[in-house]
Amino acid sequence: MMDAVDLSEYPMLADLRRQAVCLQALAGRYQEFSSLGLARLGTRSHIVAFGSGDGWFAARAAADYARFDLGLAYEAASSLETLGYVGPRHVHRDIAGVAISMSGSADRTNEAADALRMNGKPVLALTNGDGGALARITGIEKLSLDVKDLAPFLTGTAKYTAALLGLIMLLEGAARVDAVDWSAHLDALPRMLTEVEHFAQELAKRYIGRPPSGVRILSAGPNLATAEYGMAKFIKLLPIPVWADEIEEFAHRQFWTCPATDLVIYLATNPAVARCASASAAALGSMGMTTIAIDTPSCPVPGATLRFTLPQVPERLSPLFAAIPLQFIGYYLARAFGANPDQSQDVGDPARFRAAQLLARRGELATESR
């Protein structure tokens, strides 16, 4: 592994490796998060968590845990969906919003938060640092993850897993559950980080000089959001097409145009999903396709070409762990393809980065012009 390198020159790799430290530090603030969750969300009949990009993925990844384990009336939505549909639908209900944005500069997230506030609904901002324009909308209703940026505009890694953990702790407070010892859940993470980095590096060696034609990331349930998160990261890192889909639905649509030279990754942390993934991987293997399974000890996927097994964690908390192998696989595949995952997006493709700001972050342009 890249153990001897100066990590100041590899900020994304440094960000990946520090996740155990970041998440343990965040878990140490459990009382702060759960208390605010109780005070701001616990008295409301319905909670809507929303965001764009990573914020939307995190909101959805927490949904089953919030509804079934915590018993909350919880809804996850994109920022545009919240603005156009969810907010108006609940205009007469006693709801609270959780707006998730690390920069605080995502246009639609801010518009949705502002619209909810204008209709008298409290909105709590889950952000990083000062929270930008979003924090100005929500005022004192803000919680920062306080995850230090190692470089500007990197493809998100530690801040995603931290946002998901922060949201879960807020929701545990809203549900009035006894204090959860998150340190116990996170104890396995340092070893897992070492093992998954080795796995990703060995996988990447297969593709030096001969990348796959594309990558498909498949799952179901709450980890479908994790698969889409992985897709979003891979798209920014790799010079090949990347898709995400539900495992069963892949068989009915994407499969029919999927070349045998694509790499297919399964996320399976549920027994029924693991059985379907194993059968699916075996079928693709009959065509000579390479498949990877990210599974758990109780939900193995023996049909896959390669497997990385997560620590045994509660199924509905698995999205917090399942995202990390995708991060490392994306990083080392990018290195194998000759790309530079440690280069910030504004430097790597400035024209596209500016267009992205015009698409969804015009507030950043206004700040730059001052």
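Here are a few friendly notes on this predicted model, from its sheet to its helix packing.

1. Five strands form an open sheet with parallel pairing, in the order S2-S1-S3-S4-S5. S2 (74–78) and S5 (142–144) are the edge strands; each has a single partner strand, so one side of each lacks a neighbour in the sheet. On average, neighbouring strands are turned by 20° against each other, direction ignored.

2. Within that sheet, have a look at S1 (residues 46–51) and S3 (residues 95–100), which pair in the parallel sense over six bridges. To find your way around, take Ala49, whose bridge partner in S3 is Val98. Helix H3 (residues 30–41) packs on the sheet, where H3 touches S1, S3, S4 (123–127) and S5. The direction of H3 makes about 160° with that of S5.

3. Next comes helix H4 (residues 54–61). Six of its eight residues are buried, so H4 is largely enclosed by the rest of the structure. The buried residues are Gly55, Phe57, Ala58, Ala59, Arg60 and Ala61; note that Arg60 is among them.

4. Residues in the contact include Leu193, Val196, Glu197 and Gln201 from H11, and Phe321, Ile324, Phe328 and Tyr332 from H15. What classes of residue make up the contact of H11 with H15? There are 16 nonpolar residues, one polar and one charged.

Note on methods
Residues numbered from 1 in each chain as written. Predicted model: local features only at pLDDT ≥ 70, side-chain atom pairs only at ≥ 80, totals over all residues. Heavy atoms only, no water. Buried < 20%, exposed > 50% of the residue type's maximum accessible area, 1.4 Å probe, protein only. Helix = DSSP H or I, 4+ residues; strand = E, 2+ residues; numbered from the N terminus. Pairing = 2+ DSSP bridges. Axes fitted to C-alpha atoms, helices over the stretch in contact; angles between N-to-C directions. Contact = heavy atoms within 4.5 Å. Nonpolar A, V, L, I, M, F, W, Y, C, P; charged D, E, K, R; others polar.
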